Amino acid sequence: MALSIYLTISILILHFTYHLRKPLSFLENGIIFMVVAIITRQCLTLLALEWGLYRMTEDSWLFICLLLCRDLLTPLMTIIFINFYVRAVAWGSKMTAFFIALGVLLALHKLAVDFDLITYIKWNFFYTTLLNAGFLLSGIAVFKIISIFKPMENVDNESL
């Protein structure tokens, strides 16, 4: 049940990301995706395996769902957020995009807890909120670093 739900969510978010009008180029989106995926992978591995703050599932089929959430869905939601963040003019629109992306990430994590993909040991939902907000803010930081080295150019039909 969990695998089919996570596959469906993954396909929907992939389609949404593909059809989204992205102001960033394919290279910029790729760099942000890779950096956020590396940060996500390292943080969650450290929290679960090294520090023992929560326990990941041992079931191989359920672990695929955890991998989808960690390696695909979190970086894709960050890409969606960054592209909406760049297009937004007012701070209210930027904050709305941030809270919607954070809500989706928290909903995905709540699903992981409900399907027993993750079991809390010394962890709670507030820490998860801070961690996911950190992932989104790290995406903004990577975007700012990229924009320092390459000025924004409005090139249509460059990004996929």
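This is a predicted model: local features need pLDDT of at least 70, side-chain atom pairs count only at pLDDT 80 or more; totals for chains, interfaces and linings use all residues.
## Fold and overall dimensions

The chain contains five helices and two strands. Read from the N terminus, its elements follow the order α-α-β-α-α-β-α. The radius of gyration is 16 Å, close to the 15 Å that the globule rule gives for 160 residues, so the chain is as compact as a globular protein of that length.

Along the principal axes, the C-alpha atoms occupy a box of roughly 45 × 30 × 25 Å. Of the contacts between residues at least 6 apart in sequence, 83% link residues at least 24 apart.

## Surface and charge

Buried residues account for 41% of the 160 residues. The accessible surface of the chain amounts to about 9,000 Å², and carbon and sulfur atoms contribute 70% of that area.

The chain carries 11 positive and 10 negative side chains. The centres of these two sets are 7 Å apart.

## Nonpolar core

The largest nonpolar core comprises 45 residues, and Tyr-6, Ile-32, Tyr-54 and Phe-81 have the most contacts inside it. At least two residues of this core come from each of helix H1 (2–19), helix H2 (26–50), strand E1 (54–56), helix H3 (60–87), helix H4 (91–114) and helix H5 (125–149). The greatest contribution is that of H3, with twelve residues.

Leaving aside residues up to four places away in sequence, Ile-32 touches Leu-24, Ile-79, Ile-82, Gly-139, Val-142, Phe-143 and Ile-146.

Terms used
Residues are numbered from 1 along each chain as its sequence is written. Side-chain values use heavy atoms; hydrogens and water are left out. Helices (H or I, at least four residues) and strands (E, at least two) are DSSP runs, numbered from the N terminus. The radius of gyration is taken over C-alpha atoms; the globule rule is 2.2 Å times the number of residues to the power 0.38. Buried means under 20% relative accessible area, exposed over 50%, partly exposed in between (1.4 Å probe, protein chains only). Contact means heavy atoms within 4.5 Å. Accessible areas come from the Shrake-Rupley method with a 1.4 Å probe; for residues, only the protein chains shown count as cover. Lys and Arg count as positive and Asp and Glu as negative; His and the chain ends are not counted. The place of a charge is taken as NZ of Lys, CZ of Arg, CG of Asp or CD of Glu. A nonpolar core is a set of buried Ala, Val, Leu, Ile, Met, Phe, Trp, Tyr and Cys residues joined through side-chain atoms within 4.5 Å.
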